[in-house]
Amino acid sequence: MSDATLHMTDRNPDDFSVQIADQVESFLVAVTEVAKGDEPDSAVPFLLLEVSQLLLAGGRLGAHEDIVPDERYEPDPGPEADVDELRENLARLLEPVDVYSEVFDPYEPRTAPVPARISDDLTDVISDLRHGMVHYRAGRTTEALWWWQFSYFSNWGSTASAALRALQSVVAHVRLNQPLAALDGLDTDQGMGDDTLEIEAGRVMAEEIGTPLGMRSVK
């Protein structure tokens, strides 16, 4: 199945599988375009929008009854597409705000926050979505839906939710004229101590994010 088949006129736009696939495809295309860095000033709010829309698809998958694949064993989708370049491009684009603190499981008592990267989160989500898209494009619709639903529960749902929270926080800090505190070099290969619960990113400068969006400048 070619890319064009995703939008064939004989595919009912009201069909659940078509709607989910369209939302997944939209996210994949949009984030790939953002990562090119052609419009860095609008990257954060645009990613906020795209992740929010993707999580709508995730919510629908989560609320749907369990999807059972046609075959007992997953057909081999072939080699996974490399995402290293995409990850590196996003990391460069988001460098001032890439690292943030996240609680892995909010229902686990006394869970300590851990450092995470928005760029890692987005590429992790994309890897899961692409895997299912390979099945969808090959005509294995049920397999694609099963994979998207399963991986939503096991990985990309929580990962996208964490990235959404971080992106929303960045935009909120700019809108509310509240510069982010410096994180003093914390990175994802370090543990977070009890005294390092500050949100990432150095200072979000108005000329990088706020001014192009028509927001108030950060002083």
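**Salt bridges and helix packing in a predicted model**

The structure holds five salt bridges, a salt bridge being a side-chain nitrogen of Lys or Arg within 4 Å of a carboxyl oxygen of Asp or Glu. Before going through some of them, a word on the source. This is a predicted model, in which local features need pLDDT of at least 70 and side-chain atom pairs count only at pLDDT 80 or more, while totals for chains, interfaces and linings use all residues. Residues are numbered from 1 along each chain as its sequence is written, and side-chain values use heavy atoms, with hydrogens and water left out.

First, the overall layout. Along the sequence their pattern is α-α-α-β-β-α-α-α. There are 219 residues in the protein, and 40% of them count as buried. Buried means under 20% relative accessible area, exposed means over 50%, and partly exposed lies in between, with a 1.4 Å probe and protein chains only. A contact means heavy atoms within 4.5 Å. Among contacts in the protein with a separation of 6 or more, 72% are between residues 24 or more positions apart.

Now back to the salt bridges. One of them joins the side chains of Lys36 and Glu33, at 2.8 Å from N to O. Is Glu33 buried, exposed or partly exposed? Its relative accessibility is 41%, so Glu33 counts as partly exposed.

Another salt bridge is between the side chains of Arg87 and Asp120, at 3.2 Å from N to O. Arg87 lies in helix α3, residues 84-93, and Asp120 in helix α4, residues 118-137, so this pair ties together parts that are 33 residues apart in sequence. Arg87 has a relative accessible area of 26%, which means that Arg87 is partly exposed. Asp120 is also described as partly exposed, at 28% relative accessibility. This pair belongs to a network of salt bridges that links Asp84, Arg87 and Asp120.

Then there is Asp98, which forms a salt bridge with Arg117; their closest N and O atoms are 2.9 Å apart. Asp98 sits in the loop between α3 and β1 (99-102), and Arg117 sits in strand β2 (residues 114-117), so the pair ties together parts 19 residues apart in sequence. Is Asp98 buried or exposed? Asp98 has 0% relative accessibility and therefore counts as buried.

Next, the helices. Two packed helices are described by the angle between their axes and the distance between the axes. The axes are lines fitted to C-alpha atoms, for helices over the stretch in contact, and the angles run from 0 to 180 degrees between N-to-C directions.

Helices α3 and α4 pack at an angle of about 150°, and their axes are 8 Å apart. They are therefore roughly antiparallel to each other; on this scale, under 35 degrees is roughly parallel, over 145 roughly antiparallel, 65 to 115 roughly perpendicular and the rest oblique. From α3, Leu86, Arg87, Leu90 and Ala91 meet Ser119, Asp120, Leu122, Thr123, Ile126 and Arg130 in α4. By class, these are five nonpolar, two polar and three charged residues. Nonpolar here covers Ala, Val, Leu, Ile, Met, Phe, Trp, Tyr, Cys and Pro; charged covers Asp, Glu, Lys and Arg; polar covers the others, Gly among them.

For helix α1, residues 16-35, and helix α2, residues 43-63, the angle is about 160° and the axes are 10 Å apart. The crossing of α1 and α2 is left-handed. Residues making the contact include Phe16, Phe27 and Val34 of α1 and Phe46, Leu54 and Leu61 of α2. The contact of α1 with α2 has 14 nonpolar, four polar and two charged residues.

Last, two single residues. Ile126 is in helix α4 and is buried, with a relative accessible area of 0%. Beyond neighbours within four places in sequence, Ile126 is in contact with Phe27, Leu28, Val31 and Leu86.

Val24 is in helix α1 and counts as buried at 1% relative accessibility. Which residues does Val24 touch, not counting those up to four places away in sequence? They are Leu129, Met133 and Trp148. The C-alpha atoms of Val24 and Met133 are separated by 8.0 Å, with the two residues 109 apart along the chain.

Notes:
Helix = DSSP H or I, 4+ residues; strand = E, 2+ residues; numbered from the N terminus. Left-handed = near helix turned anticlockwise from the far one by under 90°.
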